[in-house]
Amino acid sequence: EIERVAPKPIPRLPLADAHAAGLVREIDALRADYIAAIADEVAAAPDRAPIRIAYTALHGVAERTLRGVLLRAGFDDLHSVAEQAVPDGRFPTVDFPNPEEPGAMDRVLALGLEVGADLVLANDPDGDRVAAAARRNAGFELLSGNDIGVLLADDLLRQNEAPRPVVLSTIVSSPMLGLVAASHGARWEQTLTGHKWIQNRALELEREGQTYVFGYEEALGYAPSTLVHDKDGISSALRLVDLASRLKSRGRTLLDARDALFTEHGFFADSQVSVRFEGADAQSRMRALIDQVRANPPQRLGGIPVTRFSEPDHGVLVFELEGGHRAMLRPSGTEPKVKYYCYAVDRVENDGDLEAAKGRARALLQRITDDLRTASGC
């Protein structure tokens with residue numbers, strides 16, 4: 001179809017004239033500006049401890065820029081997975097180059113053990129997402145997208161001195177952010193899925209006099225800087241490194257800080273299940289599943305009454321449960337699959353036994369997830 005369209009004349013301008021007219025900017029200059037602006041947002045704190053980082057760009061484009069940002073910010077102990085450091089669109093060492101996928105971070109976790117890293121980081125190939133794992137005894141524990149989201153939100157809100165702070169997350173992200181925000185006297189809002197919704201709402205709120213502090217979605221996408229009105233895996237990685245180094249100076253890790261938030265606000269167990277439809281009628285069967293649940297929404301999930309059923313966006317079905325639990329069903333906008341998002345919360349009892357609360361929440365989460373899948377016929 002493109003070839004059938006008659007080509008239109010393309011106006012041409014000599015390169016020297018384009019430079020003189022300010023129409024051309026070398027990418028290295030733009031990269032340098034970005035590195036300076038992002039790194040200089042994080043002041044060198046006296047309570048930092050040296051921190052060793054194992055990192056992978058997963059054959060993507062973030063290696064050079066991330067290294068520049070960390071170095072300027074004072075973090076120079078960075079060890080990269082060499083065979084994944086250079087951009088390569090074939091992604092020869094991973095089945096699928098997304099740090100959310102099982103196995104994608106195997107090499108960087110192995111490197112972390114080899115070099116004795118405190119923190120493991122991975123950007124996705126275009127550098128707008130970041131995954132992390134923190135040291136746990138002799139190994140590492142991966143942080144979930146929601147773990148990273150509430151950790152960064154809590155830290156940024158602690159540092160914020162501007163009036164009327166606001167944080168945002170998508171409807172499929174953990175409601176725990178609302179409790180974290182409230183503990184700092186901040187406003188919390190939810191948007192539809194995607195950072196375009198987060199950032200458009202952030203701009204609206206700023207025009208109303210609010211101070212945007214942070215926004216995130218559970219799929220490893222975070223926006224900790226108003227210099228980039230979108231998810232940004234590099235500025236987010238810097239914030240994680242800075243937080244981890246300050247925690248290390250007090251003998252703590254990101255996992256300790258996360259568990260302290262769980263103890264304060266309750267443990268939010270979360271799960272995400274994707275069901276793919278195959279065949280020529282995949283789209284119609286996916287729509288039929290959503291229609292079935294919409295027409296006959298479950299009244300209880302995991303034995304807990306559903307207090308509110310809503311559809312904030314076409315096809316996104318949200319079930320609010322008694323006690324603050326939540327379940328959602330969402331069709332993918334790009335491929336024939338549906339996603340189930342479920343959250344179950346359990347508060348730490350007076351005995352302070354966080355592990356017991358985690359066990360109760362995970363058991364309830366499984367029941368909620370099973371019931372929602374049964375209700376949808378999957």
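Trainee: Which cysteine sulfur is closest to that of Cys 378, and how far away is it?

Mentor: This is a predicted model. In it, the closest cysteine sulfur to that of Cys 378 belongs to Cys 342, at 13 Å. A disulfide requires the two sulfur atoms to be within 2.5 Å, so this pair is too far apart for a bond.

Trainee: How many disulfides does the structure hold, then?

Mentor: The structure holds zero disulfides.

Trainee: Is Cys 342 buried or exposed?

Mentor: Cys 342 is buried, and its relative accessible area is 0%.

Trainee: Where is Cys 378, and what does it touch?

Mentor: Cys 378 sits in the segment that follows α11 (354-376). Setting aside neighbours within four places in sequence, its contacts are Val 275, Leu 289, Tyr 340 and Arg 373. Its C-alpha atom is 24 Å from that of Phe 268, a residue 110 places away along the chain.

Trainee: Which residues line it?

Mentor: The lining of the largest cavity consists of Ser 144, Asn 146, Asp 147, Val 150, Ser 174, Met 176, Phe 262, Phe 268 and Asp 270. Two elements, α5 (145-159) and β10 (267-276), each give two or more residues to this lining. The most come from α5, which gives three.

Trainee: What is the make-up of the lining by class?

Mentor: Four of the lining residues are nonpolar, three are polar and two are charged.

Trainee: Met 176 is in that list. What about His 265, which touches it?

Mentor: His 265 belongs to helix α9 (residues 254-265). Beyond its neighbours up to four places away in sequence, it touches Met 176, Leu 179, Val 180, Ser 183 and Arg 347. His 265 counts as buried, because its relative accessibility is 8% and the limit for buried is under 20%.

Trainee: Now the nonpolar core. How many residues are in the largest one, and which have the most contacts inside it?

Mentor: The largest nonpolar core has 95 residues, and those with the most contacts inside it are Leu 121, Phe 214, Leu 254, Phe 319 and Val 338. Helix α8 (residues 233-248) is the element that gives the most to this core, with eight residues. Apart from it lies another core of eight residues, including Val 172, Leu 192, Val 316 and Tyr 343.

Trainee: What does Leu 121 touch?

Mentor: Not counting residues up to four places away in sequence, Leu 121 touches Ile 53, Ala 54, Tyr 55, Thr 56, Val 108, Val 130, Ala 131, Ala 132, Ala 237, Leu 240 and Val 241.

Trainee: And where is Phe 319?

Mentor: Phe 319 is in strand β13 (residues 316-321) and is buried, with a relative accessible area of 0%. Arg 300 is 19 residues away along the chain, and the C-alpha atoms of Phe 319 and Arg 300 are separated by 9.4 Å.

Trainee: One last topic, the backbone. What is phi at Phe 91 and at Leu 220?

Mentor: Phi is near 45° at Phe 91 and about 65° at Leu 220. Both values are positive, although neither residue is a glycine. Most residues other than glycine have a negative phi.

Trainee: Where do these two lie?

Mentor: Phe 91 is in the loop between β2 (78-80) and α4 (106-115), whereas Leu 220 is in the loop between β8 (211-217) and β9 (221-223).

Trainee: Are they buried or partly exposed?

Mentor: Phe 91 counts as partly exposed, at 23% relative accessibility. Leu 220 is buried, with a relative accessible area of 4%.

Key: Residues numbered from 1 in each chain as written. Predicted model: local features only at pLDDT ≥ 70, side-chain atom pairs only at ≥ 80, totals over all residues. Heavy atoms only, no water. Core = buried A, V, L, I, M, F, W, Y, C linked by side-chain atoms within 4.5 Å. Buried < 20%, exposed > 50% of the residue type's maximum accessible area, 1.4 Å probe, protein only. Helix = DSSP H or I, 4+ residues; strand = E, 2+ residues; numbered from the N terminus. Contact = heavy atoms within 4.5 Å. 1 Å grid on protein atoms, 1.4 Å probe; cavity = no way out; pocket = protein on both sides within 12 Å on 5 of 7 lines; lining within 4 Å. Nonpolar A, V, L, I, M, F, W, Y, C, P; charged D, E, K, R; others polar.
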